[in-house]
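Dear colleague,

Please find below the structure that I am handing over to you, together with its sequence. My notes on what was found in it follow directly after.

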Amino acid sequence: MLDALTVTLCVTALALAVWCGFAAFRDQPTKDWHFIGMAVVSVLALVQLIVGFVQLARGEKPDEGGVIFVSYLIGAFAAVPAAGFLSLAERTRWGSATVAAGAVVLAVLEVRLYDIWGGSGA
């Protein structure tokens, strides 16, 4: 995996978590600006998904196996959009808290993806 992309995705996910967590703290639901932030993080996750599949197609192998790597890639791609859809159903502070939790999950998945790939740039 590309280290710079993984770090960028992790940092943006944590920034989204702080932003939505602060909104939940202020008793506010997710707003349009939060959804723009979720879209940015989701696009980065899509780029990572594509890069991961391209690297696998080129014959590069993760240290811990391709199936678990692909599973984590798909989970990382789905984490923030799933939290965003849940926040639409819960238009209270808990919707913002859900997005914050989903972004933290994405950051943790990024660390795990880095470990699965072998912890080195390809």
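Cys20 counts as buried, because its relative accessibility is 0%. Please note that this is a predicted model. Cys10 is likewise classed as buried, at 16% relative accessibility. Cys20 accordingly takes part in no disulfide, and a search of the whole structure returns zero disulfides.

Glu110 is buried and yet has no salt bridge. The nearest side chain of opposite charge is that of Arg112, 12 Å away.

Arg112 does have a partner elsewhere: Glu64 forms a salt bridge with Arg112, and the closest N and O atoms are 2.8 Å apart. This pair links distant parts of the chain, since Glu64 is in the loop between H2 and helix H3 (66-89) while Arg112 is in helix H4, 48 residues apart. Both residues are partly exposed, Glu64 with a relative accessible area of 40% and Arg112 with 25%.

How many salt bridges does a search of the whole structure find? The total is three. In another of them, the side chains of Arg93 and Asp27 meet at 4.0 Å, N to O. Arg93 is partly exposed at 30%, whereas Asp27 counts as exposed at 52%. Arg58 and Glu60 also form a salt bridge, with an N to O distance of 2.5 Å; Arg58 is exposed, at 61% relative accessibility.

Helix H4 also holds Val105, which is partly exposed with a relative accessible area of 43%. Val105 and Ala79 are 26 residues apart in sequence, and their C-alpha atoms are 7.0 Å apart in space.

Finally, there is a nonpolar patch on the surface, formed by Trp19, Trp33, Ile36 and Val40, with about 460 Å² of accessible area together. Helix H2 (residues 32-57) gives the most to this patch, with three residues. Val40 lies in helix H2 and is partly exposed, with a relative accessible area of 46%.

With kind regards

Conventions. Residues numbered from 1 in each chain as written. Predicted model: local features only at pLDDT ≥ 70, side-chain atom pairs only at ≥ 80, totals over all residues. Heavy atoms only, no water. Patch = residues over 30% accessible without salt bridge, like charges linked within 9 Å, V, L, I, M, F, W, Y side chains within 5 Å. Areas by Shrake-Rupley, 256 points an atom, 1.4 Å probe, with all protein chains shown as cover. Helix = DSSP H or I, 4+ residues; strand = E, 2+ residues; numbered from the N terminus. Buried < 20%, exposed > 50% of the residue type's maximum accessible area, 1.4 Å probe, protein only. Lys, Arg positive; Asp, Glu negative; His and termini not counted. Disulfide = S-S within 2.5 Å.
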